[in-house]
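User: I have this structure open and a few quick things to ask. Can we go through them one by one?

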Amino acid sequence: MPCPYISVLTVAGGRPRALRRKADALAAQTLVPERFEWVVCLNGGDDGSAADLAALELPFSLKLFETDERLPAGAARNACAERTCGSILLFSDDDCLPAPDALARHVAEQEKGLCAAIGSVAFEADGERRWWRPARVGFWNLNGANSSVPAVAFRQVGGFDEELVGYGGEDLELGYRLARAGLTFRALPSASVVHLGPDPRWGADLAKARAAGANAARLVERHPRLRWRLGLHPLQVAGKRLVFGFGLGGWFQRLGGASVAYERAYLEGACDREGSTVEESA
């Protein structure tokens with residue numbers, strides 16, 4: 001059986017209903033089923049999804065596997081990538097539902113010339129959708145919701161960093177290495193997905209914000225040039241503290257892309273991490 005052109009990589013765990021909805025969304029794709037496969041990692045064991053998916057008559061190839069213990073996001077995605085045979089890898093989390101033409105649009109964009117293609121994301125929460133539609137993109141926009149990259153470029157740079165633990169940072173770090181290797185990044189707003197749940201930067205899960213800050217501090221130690229992009233340059237850190245200290249959060253929020261609570265927790269996570277150089281340099 002010939003290899004499909006594009007492989008959809010999904011790391012799942014603890015959200016069987018979302019995964020079932022994702023299966024339905026993939027079954028509704030306008031791209032012919034022979035051109036794509038779905039590779040699913042049940043991260044940390046089966047939550048009942050294996051039997052649920054096996055019972056479906058899916059028109060495309062499904063590769064499903066389990067891990068004995070829960071892996072970091074980067075390591076789990078790498079495990080998915082090892083099982084693919086497509087020329088293009090599409091990162092698509094279990095809580096992200098591709099529009100019917102999303103895969104076809106990624107394929108068409110990649111066939112124009114290999115690149116990192118970054119699609120649109122609609123964050124759906126409380127009956128409302130908050131859209132992020134890319135116009136101009138850089139390596140920092142690579143994400144696990146709706147991004148496609150050439151498999152050869154992914155493997156050339158070694159895939160995701162498996163040493164990052166907890167939430168955040170692995171997408172941007174991979175994007176940074178892909179960009180340094182010469183891969184072009186292009187916005188693909190016409191390829192959209194619905195994210196089931198709020199944008200983490202505007203949600204109430206501040207534990208995620210602290211974890212993202214801690215990972216940002218780790219990345220700054222490895223890649224000092226990312227300090228400004230990660231919001232941890234000494235001038236940025238000092239400015240945020242000044243803003244928070246004088247109660248100017250509303251003004252700050254209007255300028256930025258995240259809630260004040262998220263930014264505060266993010267900074268706390270970066271500064272509290274053991275061995276972090278953020279405090280020393282601020």
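User: Where do Tyr262 and Tyr266 lie?
Analyst: Both are in helix α10, residues 260-272. They are 4 residues apart, about one turn of the helix. Helices here are DSSP runs of H or I with at least four residues, strands are E runs of at least two, and both are numbered from the N terminus. This is a predicted model: local features need pLDDT of at least 70, side-chain atom pairs count only at pLDDT 80 or more, and totals for chains, interfaces and linings use all residues. Residues are numbered from 1 along each chain as its sequence is written, and side-chain values use heavy atoms, with hydrogens and water left out.

User: How many residues does α10 have, and what span should they give?
Analyst: It has 13 residues, which should span 18 Å at 1.5 Å a residue. The expected span is 1.5 Å times one less than the number of residues. The end C-alpha atoms of α10 are 18 Å apart, so the two agree.

User: Are Tyr262 and Tyr266 buried or exposed?
Analyst: Tyr262 is buried, at 8% relative accessible area. Tyr266 is buried too, at 10%. Buried means under 20% relative accessible area, exposed means over 50%, and partly exposed is in between (1.4 Å probe, protein chains only). Other buried residues of α10 include Val260, Ala265 and Leu267.

User: Switching to aromatics. How many aromatic pairs are there?
Analyst: The structure holds 8. Rings of Phe, Tyr and Trp (its six-membered ring) pair if their centres lie within 6.5 Å. Planes under 30 degrees apart count as stacked, over 60 as edge-to-face, and the rest as tilted.

User: Why is the pair of Trp38 and Phe60 edge-to-face?
Analyst: The planes of Trp38 and Phe60 are at 70 degrees, so the pair is edge-to-face. The ring centres are 6.2 Å apart.

User: And where are those two in the chain?
Analyst: Trp38 is in strand β2, residues 36-42. Phe60 is in the loop between α2 (49-54) and β3 (61-66). They are 22 residues apart, so the pair links distant parts of the chain. Trp38 is buried at 0% relative accessibility, and Phe60 is buried at 6%.

User: What about the pair of Tyr262 and Tyr266, stacked or edge-to-face?
Analyst: That pair is stacked. The centres are 6.2 Å apart, with 25 degrees between the planes.

User: Which residues do ring pairs link into a cluster?
Analyst: Phe36, Trp38 and Phe60.

User: Which ring does the charged end of Arg83 sit over?
Analyst: The ring of Phe65, 3.7 Å from its centre. Arg77 lies over the face of Phe160, at 5.3 Å from the ring centre. A charge sits over a ring if NZ of Lys or CZ of Arg is within 6 Å of the ring centre and within 35 degrees of the ring normal.

User: New topic. How many disulfides does a search find?
Analyst: The whole structure gives 0. A disulfide is a pair of cysteine sulfur atoms within 2.5 Å. For Cys41, the nearest cysteine sulfur is that of Cys80, 5.0 Å away. Cys41 is buried, at 0% relative accessible area. For Cys96, the nearest cysteine sulfur is also that of Cys80, 14 Å away.

User: Where is Cys96, and what is it in contact with?
Analyst: Cys96 is in strand β5, residues 96-98. Cys96 is buried, at 0% relative accessibility. Leaving aside neighbours within four places in sequence, its contacts include Lys22, Ala145 and Val193. Contact means heavy atoms within 4.5 Å.

User: Last one: why is α6 called largely enclosed?
Analyst: Because 9 of its 11 residues are buried. Those buried residues pack against α3, β4, β8, α5, β9 and α7.
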